[in-house]
Amino acid sequence: MADKFIMAIDQGTTSSRAIIFNHEGRIVSVGQKEHEQIFPRAGWVEHDPVEVWNAIREVVAEALSKASLNKDNIQAVGITNQRETTVVWNKETGQPVYNAIVWQDTRTGKIVEELGGAEGQDKYKARVGLPLATYFSGPKVKWILDNVEGARADAEAGKLVMGNMDTWVIWNLTGGVDGGVHVTDVTNASRTMLMDLDTLSWDPSIAADMTIPMSMLPAIKSSSEVYGYGREQGLLGGVPVAGDLGDQQAATFGQACFEVGMAKNTYGTGNFMLMNTGTQKVPSKNGLLTTVCYKIGDNAPIYALEGSIAVTGSLVQWLRDNLKMFDSAPEVEELAKSVDDNGGCYFVPAFSGLFAPYWRADARGAIVGLTRYVNRGHIARAVLEATAFQTREVLDAMNADSGVELKELKVDGGMIANDTLMQFQANQLGVPVVRPVVAETTALGAAYAAGIATGYWQGEQDVINNWAEDKRWNPTAEQDERNRLYRNWKKAVTKTFDWVDEDVVE
């Protein structure tokens, strides 16, 4: 297999990447391209699906070119994607009827409220594992059908289809209007609010409540099987497309979290912690999501508890782009290290409301505890600390729901290069934080799924054998100081509640 490799296409929130991996799970080459973040009005976030697809074609070419490889060297392709970001397109023309509505978008607030009615946000939770929230895909599809001229009529006529970004990528990759395969996997389907967690099939009654024709929905497959083949005229012509996992589930797989109680946390645009709960789906009593972790071929599905945090890395970008406090994101660490502590300043980044464990769509961001003493360094430090505090809130909920005390936390994503943050995170959690040698665990998880489906790797044991520790941060903080900071954080969070009401125009 020396001349064979696996490619992962990672369609993320801010960029798309193609990464080629060898049999040891090490990176051979990378192609990456950012795409535009579209903000039509406050609370709305969109991507242009056509721009994203064009970027994917470019990064595939870049990754192959850098490694001097071609399609004959690629045994299989795995897809991973920003979850809940939703596209509706015409299957006859291949054109989206509207921009992709991104997972952070809050425009479906009123739809969500109306769907809940007297039963509230837990109306579907026993079936789908999710509270009614603007985060998930189903209400986004309803919004498009309700608001785009002609969309509902075309949907009823069977011309329109929908999917998260994995479905859009696979459809285009396998031919588009010329025989493209319309599929998703169980992990992505579990984020739509339309899939029954027990049967792993679409729930017609929820689709009816959301006025979404069943003909729009993709076929639900496992996370590791051959869905189709690259379109003949493309750079990956004839290559099996054989892995599909939502980004956070892919990272959990890439981190080899295969035992019950093992957990990983991804530090990206937002933060997402998943804990493997095995073949048992654990209902959350503490504001977490019950979701599918992965399903390999015909094997039983593995479930997870998830804590989703909307704003972490994007808060650093906000300091850079909106406040112009520095020129590049890594500079936040130097700024934070210019002071000894947060100076009493706390930053709660409820830009899209609060996700786990609060699920408060009415919250908005706040900086509290300001005095004349506070400077740029304190604000930068408060931004990093906000990521760690939010992660501790999720871990507390996870320990309570699962009954399993976490022994260590595996971490990945862009922010784990920040030593100051990682040390503060270990201090707040009171457990070691562990970074792997290959930090691109999202793409790696998708690669493993595709490779297992096509015999390149034999199964989970190969993933375990390839995983290696790079760095470990052990807790060093005094218990009293750790708890004092966290107590003040919890107080700061309450100051963001009940901001959005009829008087607030966004």
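Helices (H or I, at least four residues) and strands (E, at least two) are DSSP runs, numbered from the N terminus. Welcome to a predicted model, where local features need pLDDT of at least 70, side-chain atom pairs count only at pLDDT 80 or more, and totals for chains, interfaces and linings use all residues. Residues are numbered from 1 along each chain as its sequence is written, and side-chain values use heavy atoms, with hydrogens and water left out.

**View 1. S352 sits in the loop between β19 and β20.** With a relative accessible area of 13%, S352 is buried (under 20%; exposed means over 50% and partly exposed lies in between, with a 1.4 Å probe and protein chains only). Beyond its neighbours within four places in sequence, S352 is in contact (heavy atoms within 4.5 Å) with Q104, T106, A310 and R364. A polar atom of the S352 side chain lies 3.3 Å from the backbone oxygen of Q104.

**View 2. Helix α16 covers residues 479-494.** Look here for the buried residues R482, L485, Y486, N488, W489, A492 and V493. Seen down the axis of α16, they fall within an arc of 160° (taken from the directions from the helix axis to the C-beta atoms), so they line one face of the helix. Among the elements covering them are β19 and β20, while D480 and R487 are exposed on the other side of α16.

**View 3. Helix α2 spans residues 109-116.** Its buried residues are I111, V112, L115 and G116. Down the axis of α2 these fall within an arc of 130°, so they line one face of the helix. Their cover includes α4 and α8. The face turned away carries the exposed residues K110, E113 and E114. After α2 comes G117, with a positive phi near 55°.

How values were computed: Expected span 1.5 Å × (residues − 1). Polar contact = N/O pair within 3.5 Å; in protein donor to acceptor, adjacent residues only side chain to side chain.
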